[in-house]
Amino acid sequence: MPDVRAIDYAGSERLTMNMGPQHPSAHGVFRAILTLEGETVVGVDAVIGYLHRCHEKLAETLAYVQYPTIASKTDYVAAMSSELAYVMAAEQIAKVEVPKRAQYLRVLVGELQRIASHCLWLGTWCMDMGGALGGGATIFLYCIRERELVLDLFEALVGARLLYGFHQVGGVRYDLPEGWTDLCRRTIDLIDSRVDEYEHMLADNPFFDMRTKGVGVISRELAQDVGISGPLLRGSGVDFDLRRAYPYSSYEDFEFRVPVETAGDCYARYHVRMVEFRQSARIVRQVLDGLPEGPISSRPGVKSLAQVKVPKGEAYARVEGPRGEVGCYLVADGSNKPYRMKWRGASFSNLSVLPHILVGASVADVVAIMGSVDPVFGEVDR
Amino acid sequence: MSGFSSLPPALQATIMSAAVLGALIGILAYVTLLERKFAARLQSRIGPYRVGPHGLLQPIADGVKLLLKEDLIPASADRPVFNLAPIVFLVPCLLIFATIPFAPGIGVADLNAGVLFFLAISSLEIVGLFMAGWGSNNKYALLSAMRAVNQIISYDLPFLFSALVPVMLAGSLRLSEIAAAQAGLWFIAYPVIGQLAFLAFVITAVAAENRAPFDILEAESELVAGFRVEYSGMKFAIIQLAEYAHVLGTSFLGALLFLGAWAGPGPAWLGPVWFLFKALFVFLLLTWVRWSFVRIRVDQILRVSWKLMLPATLLLLFATAAVIVWRTPHA
């Protein structure tokens, strides 16, 4: 793809328009330098890196007991999945057994996190299409209302609402407080009924159809070539979900359906995520029904930084986050800190599909497609 | 009233327009509050609540805030065009109220071609809008201005056609005569044609007012704020005021054409109050649509206009003509 910044458009009908990093639909700090012919995009230069915080270098300086809290900050919309990837990598090297109850609790928070994350995605995506001064804002506020309920659950469990530090090597830090299970059941039932409401608002709405069907089509081949994952991949007809393909944390104990759509457009991705809302709720109910008694960690509570030492070795752990495969590659040298660490951010890989599908779209579609990809820039730039 | 009508006509018109303008600005300020409260309730929020009881002083606070803001002019802007645009935008938006009779005999000018004047002047807003988009020398604003011209040209025709249905039913272009013709039956209650025309009127009005889901020229998710992205302070306030004036003017027109204007129970002096209520009803209808749908794309908007609304309203116009001919007793 040519560098659009280097082309001189003087005298032509083309216009270079900068979108981001400060832009209402930048989803953080994405910058797209668009070349337009009228309203049609003929060239895209995607610029990332505005939120780079040296996460991987930082991980080398922090002990295994410290970093899970920081790992939350890569994908801050779904903090639970990145924490889990990090501790799973350390556990794989150290060959630490995780008690069954802790594994179930990890599944529980992971699925609640998926619901919360999808709430934010639906809200912001509709706001991209509907505008902050229109119907989009209405759906956004509804979704945020439900996301708050899940965050309330997390607050009761962990004490924090966004960045948790819930996981630790060998298990989890907190057990369920009294009465939490009932609260969780009520919340899940409520959210299930509210998801029905969203679908009533959107699915049969001709305007919504016009904006999403046939827009931003990712073919199956393209999806596999650029390495996207998660709902995007499943929206393009590839039936792959880490929770089922390579079960971790006792996912094999639960029944759930992995939605697959073949159209590959924004509507397909929307539909996949709407089914995931319900399937996550289903898994949460199964966890609550079958939660075994026992310890929540195979290691004692954290007292000192030197407490967790991981033997020499390396491992790659991956979990199915709300946005796709969240991977953590860890190299340990036997001390209490990792020697090297590398994140495989789901958003980062998913974002690489944008230059392929934005060309030919109109300016209005650019934001709709961006929103359907659902990038979180903490995870892209790290 | 007799004292007033004995004054010279020029003085009468001056007093009347000053009164209408004053009342209008006051109503407009509170129409914004009404919309914000209405939207808030729609979104399970409370809306403005802190300034005054139930947020009743919010519009005043907003006005004061905008007055105190720094008036920024971008260095690369076309200064005369940029500075003039809000005024050029505001004038037609206020002028449309000139022809509206608020009660029998109360109005600035009851022209014999009132509907025509209203529609012609209301389309003039595009000039100020395009000036704002062009003068800002900003790519978002320019794209927005281009979209605006596209959209307003496309929707003025179906808007005109749907407004012409009551004109044909009343047999007059004079707004007061159209209102009087509805003494027996409001045109919205006219079998089939009335409801269809009102529906077409609401849809095309939403589009002609550039409100969501047809607000592609504002489109803040892609064009940030469209043509007014560079405006701040009082110039921004004037643009906002003009937009709301335009919407309110269209709401008054809708109430007059379809909802029987000042007709209502109670003594005659309640007429203007009824009229205002009906206009606010139309306004809330437009607001309801605005806060319920996602925005559609510019090409889709044009497709809806030329392929659906234009033929449909034209057909409706022919149907109206046929009904009128059929129902008129032949000599």
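Author: This is a predicted model. In chain B, the buried residues of helix 6 pack against helix 4 (79-95), helix 5 (114-123), helix 7 (139-170) and helix 11 (233-258).

Reader: Why is helix 6 of chain B called largely enclosed?

Author: Helix 6 of chain B spans residues 125-135, and eight of its 11 residues are buried, so the rest of the structure largely encloses it. Among the buried ones are Leu129(B), Phe130(B) and Met131(B). Glu125(B) is on the list too.

Reader: What comes just after helix 6 of chain B?

Author: Asn137(B), with a positive phi of about 55°.

Reader: Turn to chain A. Why is Arg269(A) called buried?

Author: Buried requires 20 or more other C-beta atoms within 10 Å. Arg269(A) has 29, so the label holds. Arg269(A) sits in helix 11 of chain A, residues 266-290.

Reader: Which residues does Arg269(A) touch, leaving out those up to four places away in sequence?

Author: Pro231(A), Leu232(A), Gly235(A) and Ser372(A). Contact here requires C-beta atoms within 7 Å. Met210(A) is 59 residues from Arg269(A) in sequence, and 15 Å from it in space, C-alpha to C-alpha.

Reader: How many residues does each chain bring to the contact between A and B?

Author: Chain A brings 32 and chain B brings 26. On the chain A side, strand 1 (14-19), helix 4 (100-130), helix 5 (135-158), helix 7 (206-212) and helix 14 (363-373) each supply at least two residues. Helix 5 of chain A gives the largest share, six residues.

Reader: What is the make-up of that chain A side?

Author: It divides into 17 nonpolar, 10 polar and five charged residues.

Definitions and conventions. Residues are numbered from 1 along each chain as its sequence is written. Chains are lettered from A and ligands numbered from 1 in the order in which they are written. This is a predicted model: local features need pLDDT of at least 70, side-chain atom pairs count only at pLDDT 80 or more; totals for chains, interfaces and linings use all residues. Helices (H or I, at least four residues) and strands (E, at least two) are DSSP runs, numbered from the N terminus. A residue is buried if 20 or more other C-beta atoms lie within 10 Å of its own, exposed if 12 or fewer, and partly exposed in between; C-beta atoms are placed from the backbone. Two residues are in contact if their C-beta atoms, placed from the backbone, lie within 7 Å. Ala, Val, Leu, Ile, Met, Phe, Trp, Tyr, Cys and Pro count as nonpolar, Asp, Glu, Lys and Arg as charged, and the others, Gly among them, as polar.
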